[in-house]
Amino acid sequence: MERFTIKNGAKFKVDLSSAIKKIEPFYGLVSLEKYPVNIIIQEKKNDLDRSYFDNATNIMNLRFSADQSVNDRDWVFVHEYAHFLANNNKELKKATEVYENVALHEILKRVFKLQQNDVTEIFHDFFPAEVFANSFATIILGKYFKRHPFSKAAQQLK
């Protein structure tokens with residue numbers, strides 16, 4: 001059985017075969033009826049045009065730019081696959097539970113007097129689901145993709 005269907009709508013070639021090979025040991029964490037994961041690849045329009053996994057449709061929407069490295073593309077794919085795992089595995093879902101994310105969002109909105117979109121943009125990588133997905137991708141690939149503004153700012157301080 002194919003675990004992924006891939007539709008590349010970008011004007012450049014995207015090869016995820018190396019990353020797909022690295023996640024094979026984790027296929028069994030989710031029952032077969034949840035597969036295939038449908039992947040739609042599109043060109044990134046701007047910095048805010050981000051990749052995401054939609055659990056309701058089982059579609060992984062990957063946004064890439066032509067100048068992104070293979071490592072960065074692989075990292076984004078494995079990160080979104082971690083979201084697929086966490087949304088479809090009872091134990092992983094408990095560890096990255098949505099209720100904690102919602103509570104944290106509300107606290108940050110009130111304390112810092114921010115809009116929901118601002119909380120998401122600023123504190124995105126601190127939410128349990130994102131910590132899991134970032135860690136999973138980094139461990140599987142052995143590399144980190146420095147896309148977050150905090151990571152970029154830290155690089156400038158060196």
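This is a predicted model: local features need pLDDT of at least 70, side-chain atom pairs count only at pLDDT 80 or more; totals for chains, interfaces and linings use all residues.
A residue counts as partly exposed when its relative accessible area lies between the buried limit of under 20% and the exposed limit of over 50%.

**The nonpolar core**
- The largest nonpolar core holds 34 residues, and those with the most contacts inside it are F4, I23, L62, F77, V78 and Y81.
- Two or more residues of this core come from each of α1 (17-23), β2 (37-43), β4 (59-64), α2 (70-88) and α6 (128-141).
- Helix α2 supplies the largest share, with 9 residues.
- Leaving aside residues up to four places away in sequence, V78 touches A19, I23, F136, A137, I140 and L141.

**Helix α2**
- Most of α2 is covered, as 16 of its 19 residues are buried.
- At 1.5 Å a residue, the 19 residues of α2 should span 27 Å, and this agrees with its end C-alpha atoms being 27 Å apart.

**Strand β4 and its partners**
- Strand β4 is largely enclosed by the rest of the structure, because 5 of its 6 residues are buried.
- Strands β2 and β4 run parallel and are joined by 6 bridges, with N38 standing opposite I59 in β4.
- Strand β3 (residues 52-54) pairs with β4 in the antiparallel sense over 3 bridges, and here D54 has I59 as its bridge partner.
- The hairpin of β3 and β4 has 4 residues between the strands, and N58 takes a positive phi near 60° in this hairpin.

**Salt bridges**
- The model contains 4 salt bridges, and three of them are described here, starting with D49 and R63, whose side chains meet at 3.4 Å, N to O.
- D49 lies in the loop between β2 and β3 while R63 is in strand β4, so this pair ties together parts that are 14 residues apart in sequence.
- Both D49 and R63 are buried.
- K21 forms a salt bridge with E24, and their closest N and O atoms are 3.6 Å apart.
- K21 counts as exposed at 54% relative accessibility, whereas E24 counts as partly exposed at 35%.
- K109 pairs with E106 in a salt bridge, the closest N and O atoms being 3.1 Å apart.
- K109 and E106 are 3 residues apart in helix α4 (residues 98-112), so about one helical turn separates them.

Methods
Residues are numbered from 1 along each chain as its sequence is written. Side-chain values use heavy atoms; hydrogens and water are left out. A nonpolar core is a set of buried Ala, Val, Leu, Ile, Met, Phe, Trp, Tyr and Cys residues joined through side-chain atoms within 4.5 Å. Buried means under 20% relative accessible area, exposed over 50%, partly exposed in between (1.4 Å probe, protein chains only). Contact means heavy atoms within 4.5 Å. Two strands pair if DSSP finds at least two bridges between them. The expected span of a helix is 1.5 Å times one less than its number of residues.
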